[in-house]
Amino acid sequence: MTGYTAPNVPAEDVTPALVRDELLKCFESANSEFMQVLNQPVDDQAIRAQVYQFVTGVFQNCGVSFADPSKAGILTAISQCKANAESMMGPAGSGIIAHHYGEMIKLVDRLSDAN
């Protein structure tokens, strides 16, 4: 398991849209790892569809625009995604969740507060 790594892009290129798109990639990676932990087959296309539905649903439930997110909105959505993943995976997923959350926070921290 290699896990997701946040892209190393110049700070001026870190936009809310980039962070939102990376959140989808991050969750796809985490879900693939969860499937491996659970000895389930990994279907990348199915995972991609499930992740998109899950993440857009979290944004909507948090009152955050998926199309035009803000830094604060992304932080809210990421925190909710983390809580949801923790309740679904329990202790078996804690290391995976911590790694992926840490990588996403690296990106969010590089977002300007004006976003």
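A search of the whole structure finds 1 cavity of 30 Å³ or more. The structure is a predicted model, in which local features need pLDDT of at least 70, side-chain atom pairs count only at pLDDT 80 or more, and totals for chains, interfaces and linings use all residues. Residues are numbered from 1 along each chain as its sequence is written, and side-chain values use heavy atoms, with hydrogens and water left out.

A cavity is defined on a 1 Å grid over the protein atoms alone as a set of points where a 1.4 Å probe fits but cannot get out, whereas a pocket is an open set with protein on both sides within 12 Å along at least five of seven lines; lining residues have an atom within 4 Å of a point. The largest cavity has a volume of about 120 Å³, a volume being the space filled by probe spheres set on the grid points, which are joined across faces, edges and corners. Its lining comprises 13 residues, of which Phe27, Lys82, Ile97, His100 and Tyr101 are the closest to the centre. Two or more lining residues come from each of α1, α3 and α4, and α1 gives the most, with 5 residues. By class, the cavity lining has 11 nonpolar residues, 1 polar and 1 charged (nonpolar: Ala, Val, Leu, Ile, Met, Phe, Trp, Tyr, Cys and Pro; charged: Asp, Glu, Lys and Arg; polar: the others, Gly among them).

The largest pocket has a volume of about 220 Å³. The residues lining this pocket include Phe27, Asn31, Phe34 and Met35, together with Ile47, Val51, Phe54, Ala85 and Met89. Helices α1, α2 and α3 each supply at least two residues of the pocket lining, which divides into 10 nonpolar, 2 polar and no charged residues.

Helices (H or I, at least four residues) are DSSP runs, numbered from the N terminus. The axes of α1 (residues 16-37) and α2 (residues 44-61) come within 9 Å and cross at roughly 125 degrees; axes are lines fitted to C-alpha atoms, for helices over the stretch in contact, and angles run from 0 to 180 degrees between N-to-C directions. The two helices, α1 and α2, are therefore oblique to each other (under 35 degrees counts as roughly parallel, over 145 as roughly antiparallel, 65 to 115 as roughly perpendicular and the rest as oblique). Their contact (heavy atoms within 4.5 Å) involves, among others, Leu23, Phe27 and Asn31 of α1 and Ile47, Val51 and Phe54 of α2. The residues of this contact comprise 10 nonpolar, 2 polar and 4 charged.

Helix α1 also packs against α4, at an angle of about 170 degrees and with the axes 10 Å apart; α1 and α4 are therefore roughly antiparallel. Residues meeting here include Leu23, Cys26 and Phe34 in α1 and Ile97, His100 and Met104 in α4. The contact of α1 with α4 has 12 nonpolar, 2 polar and 2 charged residues.

Helices α3 (residues 71-89) and α4 (residues 94-110) pack at about 180 degrees, with their axes 11 Å apart, and are therefore roughly antiparallel to each other. Among the residues in this contact are Ile78, Lys82 and Ala85 of α3 and Ile97, Tyr101 and Met104 of α4. The contact of α3 with α4 divides into 10 nonpolar, 1 polar and 4 charged residues.
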